[in-house]
Amino acid sequence: MKILGLDPGLAYTGYAIIKKEKNNIEVIKYGCLNTQAGEKIENRLNNIFKKLNKIINQYNPDKMAAENLYFCKNVSSAFKVGQTKGIINLAAAKKKIPIFEYTPLQIKQAITGYGRASKSQVQKMLKSILKLKKIPTPDHASDALAVAYCCASTKEYLK
């Protein structure tokens with residue numbers, strides 16, 4: 001079972017592909033889909049959509065998982081992240097891939113056992129759990145790995 005984890009953002013959308021077989025989880029690839037500041041938002045969203053579809057076509061995930069936007073201090077940023085989330089949902093729908101959403105609290109709980117863990121605690125646990133040689137970076141890619149792992153370790157995954 002392959003899972004594509006996503007951390008939505010207009011400038012940087014983190015992505016991670018993991019493969020789960022029984023109790024083993026293998027990291028296949030992770031990174032960021034970047035867009036250029038100053039470019040029209042519709043072009044940036046289209047760019048994310050094209051790059052995301054390329055990843056979907058290359059890795060053929062069985063499930064997708066994304067961080068759920070639940071709170072944002074900056075309203076403008078929230079709208080941009082929301083639009084990116086719409087692009088992610090559209091890509092999943094077009095390929096008929098089920099998509100699951102998780103709050104940061106749920107993701108941290110699945111990885112560290114503590115819903116208020118710091119980003120560095122989550123990254124250190126990801127390194128350990130996934131047997132990585134180094135702490136995953138950048139942050140958006142690390143967050144996408146965390147989302148994918150959360151999906152692989154929840155009961156929803158079994159459905």
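Let me start with Lys85 and what surrounds it. Leaving aside neighbours within four places in sequence, Lys85 is in contact with Pro8, Ala66, Glu67 and Glu101. Keep in mind that this is a predicted model. Lys85 is found in helix α2, which covers residues 75-94. Is Lys85 buried or exposed? Its relative accessibility is 9%, and buried means under 20%, so Lys85 counts as buried.

Two of those contacts, Ala66 and Glu67, bring us to strand β4, residues 63-67. Five of the five residues of β4 are buried, so this strand is largely enclosed by the rest of the structure. In a regular strand the side chains alternate between the two faces of the sheet. For β4, both faces are covered. Lys63, Ala65 and Glu67 are on one side, Met64 and Ala66 are on the other, and all of them are buried.

Now the partners of β4. Strand β1, residues 2-7, is joined to β4 by four bridges, and the two strands run parallel. Within that pairing, Leu4 has Met64 as its bridge partner, and Leu6 stands opposite Ala66. Four bridges also join β4 to β5, again with the strands running parallel. Here Met64 stands opposite Ile99 of β5.

Next, the whole sheet. Strands of a sheet pair through backbone hydrogen bonds, either parallel or antiparallel. In this model, five strands form an open sheet, in the order β3-β2-β1-β4-β5, and the pairing is mixed. Which strands are at the edges? They are β3, residues 24-34, and β5, each of which pairs on one side only. On average, neighbouring strands of this sheet are turned by 20° against each other, direction ignored.

Helices lie across this sheet. α5 lies across β1, β2, β3, β4 and β5, and runs at about 35° to β2. α3 lies across β4 and β5, and its angle to β5 is about 90°.

These two helices also pack against each other. Two packed helices are described by the angle between their axes and the distance between the axes. For α3 and α5 the angle is about 75° and the axes are 9 Å apart. The two helices are therefore roughly perpendicular to each other. Which residues make the contact? From α3 they are Gln106, Ile107, Ala110 and Ile111, and from α5 they are Ala146, Val147, Tyr149 and Cys150. By class, that contact has seven nonpolar residues, one polar residue and no charged ones.

Last, the cores. The largest nonpolar core has 23 residues, and Tyr102 and Leu126 are those with the most contacts inside it. At least two residues each come from β2 (12-21), β5 (99-102), α3 (104-112), α4 (119-129) and α5 (139-152). The largest share, nine residues, comes from α5.

As for Leu126, what does it touch, not counting residues up to four places away in sequence? The list is Ile111, Lys131, Leu132, Pro136, Ser142, Leu145, Ala146 and Tyr149. Ile111, Ala146 and Tyr149 were also named in the contact between α3 and α5.

Key:
Residues numbered from 1 in each chain as written. Predicted model: local features only at pLDDT ≥ 70, side-chain atom pairs only at ≥ 80, totals over all residues. Heavy atoms only, no water. Core = buried A, V, L, I, M, F, W, Y, C linked by side-chain atoms within 4.5 Å. Buried < 20%, exposed > 50% of the residue type's maximum accessible area, 1.4 Å probe, protein only. Contact = heavy atoms within 4.5 Å. Pairing = 2+ DSSP bridges. Axes fitted to C-alpha atoms, helices over the stretch in contact; angles between N-to-C directions. Parallel < 35°, antiparallel > 145°, perpendicular 65-115°, else oblique. Nonpolar A, V, L, I, M, F, W, Y, C, P; charged D, E, K, R; others polar.
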